[in-house]
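These notebook entries record what I looked up in the structure shown below.

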Amino acid sequence: MADAPPPATTAAPPPVDVYRDTPLRFAGYANEVGESFKHMAPRWFYYGSYVVSSLYVAADAKDKYDRDGDVAKGADALVWQALASVIVPGFVVNRVVAAARLATKLPMTATVAGLASIPIIIKPIDHAVDLGLDATLRPWLFPPKAD
């Protein structure tokens, strides 16, 4: 009688990062929506979009710190998210909307241009922020281990 094959072992799937692997990630882009509607929405909507994005950034940074108490990981997440989710894309969308407003007198066209730019700019900005932090902050936060 042949031996039964050993049971297949499967590695546990990596834990889901609620701030990066779920739709909650879109909260980080709330300010880009605010920038797109800035010229036609009430001020509370515009400022509120930055509050939502900033709370998302802070929550993600705290989550990264809470995972193992590593301040460097929390700081890295805070700076990365602030740059990649709020500051740089907010500026880029603001400039896209401003350019569209110069090109047309239809206010909704500028808003649509701003909204349409969001999925296009996200990956290049994320990559640029990674490169920038790899060249500046991360070597300081995560120095190479000496043998």
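Predicted model: local features only at pLDDT ≥ 70, side-chain atom pairs only at ≥ 80, totals over all residues.

**Entry 1. Nonpolar surface patch**

I then looked up Val112, which is found in helix H4.

**Entry 2. Largest nonpolar core**

I turned next from the surface to the interior. In soluble globular proteins, nonpolar side chains tend to be buried together. Which members of the largest nonpolar core touch the most other members? I noted Trp80, Val93, Ile121, Ile122 and Val129, out of 13 residues in that core. Helix H3, residues 71–103, and helix H4, residues 107–135, each supply at least two residues of the core. The largest share comes from H4, with seven residues.

I followed one of these members, Val129, in more detail. Val129 is found in helix H4. Its relative accessible area is 8%, so Val129 is buried. Setting aside neighbours within four places in sequence, I found Val129 in contact with Trp80, Leu83 and Ala84. I also looked up a distance to Gln81: the C-alpha atoms of Val129 and Gln81 lie 9.2 Å apart, although the two residues are 48 residues apart in sequence.

**Entry 3. Helix H1**

Is helix H1 mostly buried or exposed? Helix H1 spans residues 30–37, and six of its eight residues are buried, so H1 is largely enclosed by the rest of the structure. The buried residues of H1 are Ala30, Asn31, Glu32, Gly34, Glu35 and Ser36. I checked what covers them, and the cover includes H2, H3 and H4.

Ser54 is in helix H2. At 40% relative accessibility, Ser54 counts as partly exposed. The Ser54 side chain reaches the backbone oxygen of Tyr50 at 2.8 Å.

**Entry 4. Salt bridges**

How many salt bridges does a search of the whole structure find? The search returned 11. I examined several of them individually.

The side chains of Lys62 and Asp66 meet in a salt bridge, with an N to O distance of 2.5 Å. Why are Lys62 and Asp66 separated by about one helical turn? Both belong to helix H2, residues 43–68, and they are four residues apart, which means a separation of about one turn. Asp66 is partly exposed, at a relative accessible area of 45%.

Asp68 forms a salt bridge with Lys73, and the closest N and O atoms are 3.0 Å apart. I looked up the accessibility of both partners. Asp68 is partly exposed at 47% relative accessibility, and Lys73 is partly exposed at 37%.

Asp130 and Arg138 meet through their side chains in a salt bridge of 3.0 Å, N to O. Asp130 is partly exposed, with a relative accessible area of 28%, whereas Arg138 is buried at 16%. I then recorded a network in which salt bridges with shared partners join Asp17, Arg20, Asp60, Asp63, Lys64 and Arg67.

**Entry 5. Asp76 and Arg138**

I returned to Arg138 by way of Asp76. Asp76 is located in helix H3. With a relative accessible area of 14%, Asp76 is buried, because the limit for that class is under 20%. The side chains of Asp76 and Arg138 make a polar contact at 2.7 Å. Beyond neighbours within four places in sequence, Asp76 is in contact with Leu133, Arg138, Leu141 and Phe142.

**Entry 6. Ala11**

Last, I looked up Ala11, in the segment before H1. Ala11 is exposed, with a relative accessible area of 72%. I also noted its distance to Ala135: the two C-alpha atoms are separated by 34 Å, and the residues are 124 residues apart along the chain.

Terms used:
Residues numbered from 1 in each chain as written. Heavy atoms only, no water. Core = buried A, V, L, I, M, F, W, Y, C linked by side-chain atoms within 4.5 Å. Buried < 20%, exposed > 50% of the residue type's maximum accessible area, 1.4 Å probe, protein only. Contact = heavy atoms within 4.5 Å. Salt bridge = Lys/Arg side-chain N within 4 Å of Asp/Glu carboxyl O. Polar contact = N/O pair within 3.5 Å; in protein donor to acceptor, adjacent residues only side chain to side chain.
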